[in-house]
Amino acid sequence: MNYRWNWNIFWETSPDGVGTYMDTLWSGLMWTLATSLTAWIMALALGLIIGTVRSLPNKWAVSLANGYVELFRNIPLLVQMFLWYFVMPELLPQATGDWLKSLPNAPFITAVICLGFFTSSRVAVQVTTGIQALPRGQLLAGTAIGLTLPQTYRYILLPMALRVILPPLTSEFLNIIKNSSVALTIGLIELTASARAIQEFSFQVFEAFTAATIIYVVVNIFVVFMMHKLEKKVAIPGFVVAGTASGGH
C-alpha cells in the first residue's frame, strides 16, 4: 500500500471547526507546557522539603521521607495516573468525589498532582545527594558561627546543593515534559493526544507525529539551553565537588 504524504494537512480546517490542524497542535503544546510547569513547581517544592528531611540526623523523619520516595518512585507513572483519576475520587466522601469527577478540568488537575508527586520523589533524591556531596566543613562552619540547623540549611547547604544538582534537575525537568504525554490516557488533550487526534481525523499519521516529535525536541533544546545559562550564572568560581556529574561549579 502506497502512503500518500500531505504536509499541507496542518493548514487544513480540523473537523471541530475551531481552526486548522496546526491550531490543534498549538493547543496541545499549551496544555503540555501548562501541565509540565505547574507540576514542576509542585515537584520542586516537595522535593526540596523531602530531600532535606532525608539528610537530617533524625532517623524517624528520615524513615518517613524515605518511605515517601520509595512509594512514589517505584510505582509506574501510568498506574499512578489511573489511581489518582479513577480510584482516589472513590475513596473520598461521596460529595467530594462527585465534585472532583465533575470538574471540567479534572484531567489537568489530576495530571499535575500525579506528575508532581512522582517527580518530587526523584527531585528529593537529587537534593539529598547534593547536600551529602558538600564538604562536611560547611555544616560545621554554620554551627560555629552561631546558626541554628534550619538556618544552616537555608543559608548555606541548600543554596550550595542546588548549584551542584542543576544538571540532574535539568534532566528531571525534561522528563516531566515528556512524561506529561501519559496524561492522554485520562483525557487530557496535550501535545501527543493532539497529534493522535490529527492522525485519527486525517489518517496522516506520519505527518502528525513527526510534527509532535519536532515540537518536543525544540522545547527540550530550549529548556537545556536556558538551564545551561542558569547554571553558568549561579556558578561559584573555584567551588568543586568531587563525584558530581558537572565536575565543578
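This is a predicted model: local features need pLDDT of at least 70, side-chain atom pairs count only at pLDDT 80 or more; totals for chains, interfaces and linings use all residues.

Q: What's the chain built from, helices or strands?
A: Helices: there are 10 of them, and 0 strands. Going along the sequence, the pattern reads α-α-α-α-α-α-α-α-α-α.

Q: And roughly what box do the C-alpha atoms fill?
A: Along the principal axes, roughly 70 × 50 × 30 Å.

Q: What share of the residues is buried?
A: Buried residues are 42% of the 249 in the chain.

Q: What about contacts between residues at least 6 apart in sequence: what share joins residues at least 24 apart?
A: That share is 72%.

Q: Let's zoom in. Where does Thr110 lie?
A: In helix H5, which covers residues 106–133.

Q: Is Thr110 buried or exposed, and why?
A: Buried, because its relative accessibility is 10%, and the cut-off for buried is under 20%.

Q: Which residues does Thr110 touch, not counting those up to four places away in sequence?
A: Met81, Trp84, Tyr85 and Ile186.

Q: Switching topic: which residues make the nonpolar surface patch?
A: Leu78, Val79, Phe82, Leu83, Phe86, Val87 and Leu91 make a patch of about 600 Å². Phe86, one of these, sits in helix H3, residues 77–91.

Q: How does Phe86 count in terms of accessibility?
A: Phe86 is partly exposed, since its relative accessible area is 46%; that class runs between the 20% and 50% cut-offs.

Q: And Trp11, where is that found?
A: In the segment before helix H1, which is 21–53. Trp11 counts as exposed because its relative accessibility is 60%, and exposed means over 50%.

Q: What is Trp11 in contact with, leaving aside neighbours within four places?
A: Trp11 is in contact with Thr20 and Met22.

Q: Last one: how far is Trp11 from Leu78?
A: In sequence, 67 residues; in space, 33 Å from C-alpha to C-alpha. Leu78 is one of the patch residues we talked about.

Notes
Residues are numbered from 1 along each chain as its sequence is written. Side-chain values use heavy atoms; hydrogens and water are left out. Helices (H or I, at least four residues) and strands (E, at least two) are DSSP runs, numbered from the N terminus. Buried means under 20% relative accessible area, exposed over 50%, partly exposed in between (1.4 Å probe, protein chains only). Contact means heavy atoms within 4.5 Å. Patches are made of residues with over 30% relative accessible area and no salt bridge: like charges are joined within 9 Å, nonpolar side chains (Val, Leu, Ile, Met, Phe, Trp, Tyr) within 5 Å. Accessible areas come from the Shrake-Rupley method with a 1.4 Å probe; for residues, only the protein chains shown count as cover. A salt bridge is a side-chain nitrogen of Lys or Arg within 4 Å of a carboxyl oxygen of Asp or Glu.
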